[in-house]
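Me: I am new to this structure and would be grateful for a close look at a single part of it. Please set that part in its surroundings as well.

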Amino acid sequence: MRMRTGALGILAVGAITALPQTANTAVPDYISAAVADSSRPVDDRMVDIDRKPAKVLAYAKVHPGEIVAEYLPGGGYYTRLLSDIVGTKGKVYALETTTWGDKNVDSTRAVLSEAGRGNVKLDLAPLGTFNLPEKVDLFWTTLNYHDLHIPKYANVDMAAFNKQVFDSLKPGGIYFIVDHQAAPGTSATTSPTLHRIEDRTVIDEVTAAGFKLISHSNMLRNAADDHSKVVFDPSIHLKTDQFILTFRRP
């Protein structure tokens, strides 16, 4: 059972600023080794300076031997890292969507063909659904939660989706979400156009499914991002203001 003890003194959900924020989390050797893996694609390593994977993974407390579900791996940036970290005694379920076509699926499928990826299993399903053969320690999604709010992709029942995530986790399991921050008061209304969502909206939706919010990190915060640009704009691409939310299944 994956239990967290350092951040369980949660106040009212509305008191985001009262939650534990980013600490100087030490990066374990197994995470450093995964990030330094020379077999990682050059394109992945080139964006490490902006995505800060070592700090993010250390903050999430991913451990060897864990069972991880990664929702919408999108080419495998974190899939490879998670695979290295959990090792041969762990598993990574790459939960990919068929909604975005063969090219998207193939980019994730290619990860499974790499040497040493026998612990990665691929699941394919329409956006907003997934299949897991066992309960997991960690449900991980980065920069894609907002896509569930884009009607042209799918009309996702968010309450049902988050309840499925809840049911897929072991007691004490963690739901880890990173996404692009939206302007205050916009909720998910700019998800279809700017690919952003407010952290407040994510918190409301996820806690409604029974999760407890245990931390809210600012390590990927960028005050220079005014939240008005689409996240793919060259001036802000990979440098958006991002939030990290950690939830625990009781």
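In which loop does L238 lie?

Reply: L238 lies in the loop between strand 6 and strand 7. Strands are DSSP runs of E of at least two residues, while helices are runs of H or I of at least four, both numbered from the N terminus. The model is predicted, so local features need a pLDDT of at least 70 and side-chain atom pairs count only at 80 or more, whereas totals for chains, interfaces and linings use all residues. Residues are numbered from 1 along each chain as its sequence is written, and side-chain values use heavy atoms, with hydrogens and water left out.

The backbone of L238 has a positive phi of about 70 degrees, although L238 is not a glycine. Most residues other than glycine have a negative phi. L238 counts as partly exposed, at 25% relative accessibility; buried means under 20% relative accessible area, exposed over 50%, and partly exposed in between, for a 1.4 Å probe and protein chains only.

Helix 9 spans residues 199–208 and is mostly covered, with 7 of its 10 residues buried. Those buried residues are D199, T201, V202, I203, E205, V206 and T207.

Positive phi values also occur around helix 9. Just after this helix, G210 takes a positive phi of about 110 degrees. H195, in the loop between helix 8 (191–194) and helix 9, has a positive phi of about 60 degrees and is not a glycine. H195 is buried, with a relative accessible area of 9%.

Elsewhere in the chain, P53, V56 and L57 in helix 4 meet Y77, Y78, L81, L82 and I85 in helix 5, where contact means heavy atoms within 4.5 Å. The residues of this contact divide into 8 nonpolar, no polar and no charged. Here Ala, Val, Leu, Ile, Met, Phe, Trp, Tyr, Cys and Pro count as nonpolar, Asp, Glu, Lys and Arg as charged, and the others, Gly among them, as polar.

As for confidence, the mean pLDDT of the protein chain is 92, and 90% of its residues reach 70 or more; pLDDT is the predictor's confidence in each residue, from 0 to 100. Over residues 3–15, however, the pLDDT is below 50, and this stretch has 21 contacts in the model beyond near neighbours in sequence.
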